[in-house]
Amino acid sequence: MLQTLLDVPVVIPVTLLALGICALGALVRPRIDVALVLGLLAAIWTRVNQPVEGRILHTWSRDRGFTEADLLSVAALVVVAVTLLRCAWRWVARARAGEPAVAPR
């Protein structure tokens, strides 16, 4: 069932677009929920990128390796780490200033 969903030709562009928009949103306004969604999209990208993988950069075994398309997942995970660090930094700064962790609405 999952393999048939991944074979739909629109999955790759939609996943790539969602990954880019989410990464941009995480960099502009860091939030934990956006970082979690971006991490999930990075994991999904590794599953759907088979038709556009490109050259093999490193081979671990005969049928497993690291390709050019996998670099996008690595970049997304770096953005996740930066976003989580920025969220933690903001939370610590607010705690030191005596402000509430969540701003009242």
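I take a pocket as an open set of points on a 1 Å grid over the protein atoms alone, where a 1.4 Å probe fits, with protein on both sides within 12 Å along at least five of seven lines.

The model is predicted: local features need pLDDT of at least 70, side-chain atom pairs count only at pLDDT 80 or more, and totals for chains, interfaces and linings use all residues. Residues are numbered from 1 along each chain as its sequence is written, and side-chain values use heavy atoms, with hydrogens and water left out.

I find 14 lining residues, and E53, D63, R64, G65 and T67 are the closest to the centre. Lining means an atom within 4 Å of a point. α3, β1 (56-61) and β2 (64-67) each give two or more residues. The lining divides into 1 nonpolar, 7 polar and 6 charged. Here Ala, Val, Leu, Ile, Met, Phe, Trp, Tyr, Cys and Pro count as nonpolar, Asp, Glu, Lys and Arg as charged, and the others, Gly among them, as polar.

**Fold.** I note 4 helices and 2 strands, in the order α-α-α-β-β-α from the N terminus. These are DSSP runs: helices are H or I with at least four residues, strands E with at least two. Of the 105 residues, 25% are buried. Buried is under 20% relative accessible area, exposed over 50%, partly exposed in between (1.4 Å probe, protein chains only).

**Helix α3.** I checked residues 32-48: 17 residues reach 25 Å from first C-alpha to last, close to the 24 Å expected. The expected span is 1.5 Å times one less than the number of residues. V34, A35, L38, L41, A42, W45 and V48 are buried. Their arc is 145 degrees, so they line one face of α3; it is taken from the directions from the helix axis to the C-beta atoms. I32, L36, L40 and R47 are exposed on the face turned away.

**Core.** I count 17 residues in the largest nonpolar core, with L38 and W45 among those with the most contacts inside it. Such a core joins buried Ala, Val, Leu, Ile, Met, Phe, Trp, Tyr and Cys through side-chain atoms within 4.5 Å. α3 gives the most, 7 residues.

**V82.** I place V82 in helix α4 (residues 70-97). V82 counts as partly exposed because its relative accessibility is 35%.
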